[in-house]
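Please read the following report alongside the sequence and the structure. It takes up domains, contacts and strand pairing in turn.

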Amino acid sequence: MTVMAPETFVEVAAPERVAAPAAVAVPLLRRIARAAPPYLFLAPGLALLGVWVYRPLVTSIQLSFLSWNLLPTSPAKFVGFSNYERLFALPDFTAALGRTAVLILGLLPFTLVVPTVVGLLARRVRGRAATVYQAMVFAPLLVAPVAGAAVWQWMLDPRGGLVNRVLGTTTNWLQEPGPAQVAIIVITGWHVLGFATLVVAAGLAGIDSEYSASASLDGATRWQTTRWITLPLLSPTLSFLLLMTLLLAAQWSFPLVNTITHGGPSGATTNVYYLLWDYAFGSFDAGLGAAAGMIFFVLFGMVALVLVRLTERLTFHDS
Amino acid sequence: MSRIQIEGLTRRFGSGNHAVNAVDGISLDVADGEFLVLLGPSGCGKSTLLRMIAGLTPPTGGRILLDGRDITAAEPRERNLAMVFQSYALYPHLTVAKNIGFPLRTRRRKDVDAKVTEVAKALGLEQLLDRRPRALSGGQRQRVALGRALVRDPGAFLLDEPLSNLDATLRTATRAELTDLHRRLRSTFVYVTHDQIEAMTMATRIAVLNGGRLEQVGTPEEVYDAPASTFVAGFIGSPAIGLLPAEVRGADGELRAVGDGVDMPLGPGHDASGREVLVGARPEHLRIGTGAVGPEWRGTVRLVENLGGEEVAHVTVGGGRVALRGPRPLGLAVGDAVRLTCDPDRIHLFCATSGRRLVRTPEPRRAAVAV
């Protein structure tokens, strides 16, 4: 007869924890080969970015400290900060900044207000009709600015031009300071309106239709839905357009200013972009042009930074 | 308090040869205070039907009445219905409090704050009122969506798969809460789901849809115990009922359904037409047979699944498959030849061509004998 061990309880042991075995050493070459693909994919883009963006930027910084008339045969002379000093001494600079501000304000209806209204109204246009309408709205952007400028010049002719005949006025649009600025704003606006409208349409299309469906069941009228739901959700798109307008308004108007008014009459349409072009390639003062370019670069950079910060705080992204 | 009547509601998408009837002539009468579940697989038209009730999708034909008032052409906001969307559709730029208060704000109600606090308290959302939807978990979002529906005492609640984005544990808990909510409010609920467990546990009545048409409308018990078609039989119940082809034969006044590996007495009768049928029984009603009488399935065990408390044996019978579910261990191993049986009243019989359930018409002859 065997003697039974006294009965007792023992815990069920948890599976044993085993220390990780030493990692197998991977040869350096193979480690590099494994890590390389993402960088290789990025390489062409980065190379182009370097060649077309950062190298010119560095060259501009260098140029802004030199005095050079763009002639390959004449030497560039180092002049320190004198280009910058000259720039702030000239009255053109601040005047051009002011005119650029007017241009930006004048363009906002074309890049924000009208596209939003048209986008909201055109939401119900669908299918083939939507394609046709979008193509029509987008068409001005496809017209070469110089070609557009030629037609507008003809239409704005003080004697027998279409605009004066329709308005019943005798304004000499391109030769009087005020009207010239208005003409540049309207033509630039006409040019970018289609683009802005498409951006707004894309923004609206990106808003989940369930929100407005839900709002309508929650008792919201169409106007309440637009004001309380659609517009706040469209705010990232609108702030993008605002940023684009602030940063690119002068650039958009450049081909028109250059072909129609040449910055005139008496500098009335000379914005910052035209000004720095005129310094460099009109007066052949590469250093002054580069210095102006640097100032605007920093200025617009700061504006963009502030706006992006503001946008992040004020707009709502649909998660 | 709302009764929803649907009469011949139809929704056609596309035109010409490509037209599809997403909802095809559906009529339903949802009584006040009922919890009606629209159940069916994806693409069966259940969501389209709900969106037509909500007014989000205009019907191609038919009428919708709310408390006898024709609302077919009414705007969604005029319908006094609240809806919980599958995506919840919480306004991402508004806080939880603003989201819940939205339906009151659109009506310019004065008591927004008080009502929002009341609803938030009932749903345990007081701590989250200042958060935006992005900062909420799936379960919290679901509650906010529910809160937004509750806040204005709507005539009826429409819910479109509200639990499908929750994990299994939360889904089970929320199911019980919804049932509880329905009992407290005594409101009309119309609830869309493809989940048979949600339908069985919450519904007072289930409407099973397939291909835009109603297959069966009944209580969960009716739908489970007496499925009206092979579709309903197969869609509800897990593992699915195994239906096998057989032929009705009569001999000596007794009817039998006989097929490959299947032989079952159907009781007295004279329908010796050789009618093609499908027969089956729920997996939990099958058992391993011993006697020679009663329904019989003969086959081979192909797979035994362990569910923890129970086991499911998949048995090949003839060309088809039946499942048997019972307490573990069943005592079956793969490859075993097995005879299965069940109580005769547990047999489901369907017409092989139409797929509709076959029921016995009253049998006067046997009554005469008994007398």
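How many bridges join S6(B) to strand S7 of chain B, and do these strands run parallel or antiparallel? In this predicted model, S6(B) and strand S7 (residues 156-160) of chain B are joined by four bridges and run parallel.

## The six-stranded sheet of chain B

Within that pair, Leu81(B) has Ala156(B) in S7(B) as its bridge partner. The two strands belong to an open sheet of six strands in chain B, whose order is S6-S7-S8-S3-S9-S10 and whose pairing is mixed. At the edges stand strand S6 (81-84) and strand S10 (213-218) of chain B, each of which pairs on one side only. On average, and with direction ignored, neighbouring strands of this sheet are turned by 15 degrees against each other.

As a general point, strands of a sheet pair through backbone hydrogen bonds, either parallel or antiparallel.

## A hairpin in chain B

An antiparallel pair is found in strand S17 (residues 310-317) and strand S18 (residues 320-327) of chain B, which are joined by eight bridges. Along this pair, Val315(B) stands opposite Val322(B) of S18(B). S17(B) and S18(B) form a hairpin with two residues between them, and Gly318(B), which lies in the turn, has a positive phi of about 60 degrees.

## Domains of chain B

The domain assignment divides chain B into domain 1, made of 31-48 + 74-235, and domain 2, which covers 244-370. The centres of these two domains of chain B, taken over C-alpha atoms, are separated by 39 Å. Seven residues from domain 1 of chain B and seven residues from domain 2 of chain B take part in the contact between them. On the side of domain 1 of chain B that touches domain 2 of chain B, five residues are nonpolar and two are polar, while no charged residues are present.

## Domains of chain A

Chain A is assigned a domain 1 (37-78) and a domain 2 (82-314), and the C-alpha centres of these domains of chain A lie 29 Å apart. Their contact brings together ten residues of domain 1 of chain A and eight residues of domain 2 of chain A. Helix H1 (28-63) and strand S1 (66-67) of chain A are the elements that give two or more residues to the domain 1 side of this contact, and H1(A) provides the largest share of that side, with three residues. By class, the domain 1 side in chain A has six nonpolar and four polar residues, and no charged residues.

## Two crossing helices in chain A

The axes of helix H4 (residues 127-142) and helix H7 (residues 177-205) of chain A come within 6 Å and cross at roughly 135 degrees. Because of this angle, H4(A) is oblique to H7(A). The crossing in which H4(A) passes H7(A) is left-handed.

Among the residues that make the contact are Val137(A), Phe138(A) and Leu141(A) of H4(A), together with Trp190(A), Leu193(A) and Phe195(A) of H7(A). The residues of this contact of H4(A) with H7(A) divide into eleven nonpolar and four polar, with no charged residues.

## Contact between the chains

Between the two chains, 16 residues of chain A are in contact with 20 residues of chain B. Helix H8 (209-217) and helix H9 (222-261) of chain A each supply at least two residues of the chain A side, and H8(A) gives the most to that side, with six residues. The chain A side that touches chain B divides into eight nonpolar, five polar and three charged residues.

Definitions and conventions: Residues numbered from 1 in each chain as written. Chains lettered and ligands numbered in written order. Predicted model: local features only at pLDDT ≥ 70, side-chain atom pairs only at ≥ 80, totals over all residues. Domains from an automatic or database assignment. Nonpolar A, V, L, I, M, F, W, Y, C, P; charged D, E, K, R; others polar. Axes fitted to C-alpha atoms, helices over the stretch in contact; angles between N-to-C directions. Parallel < 35°, antiparallel > 145°, perpendicular 65-115°, else oblique. Left-handed = near helix turned anticlockwise from the far one by under 90°. Pairing = 2+ DSSP bridges.
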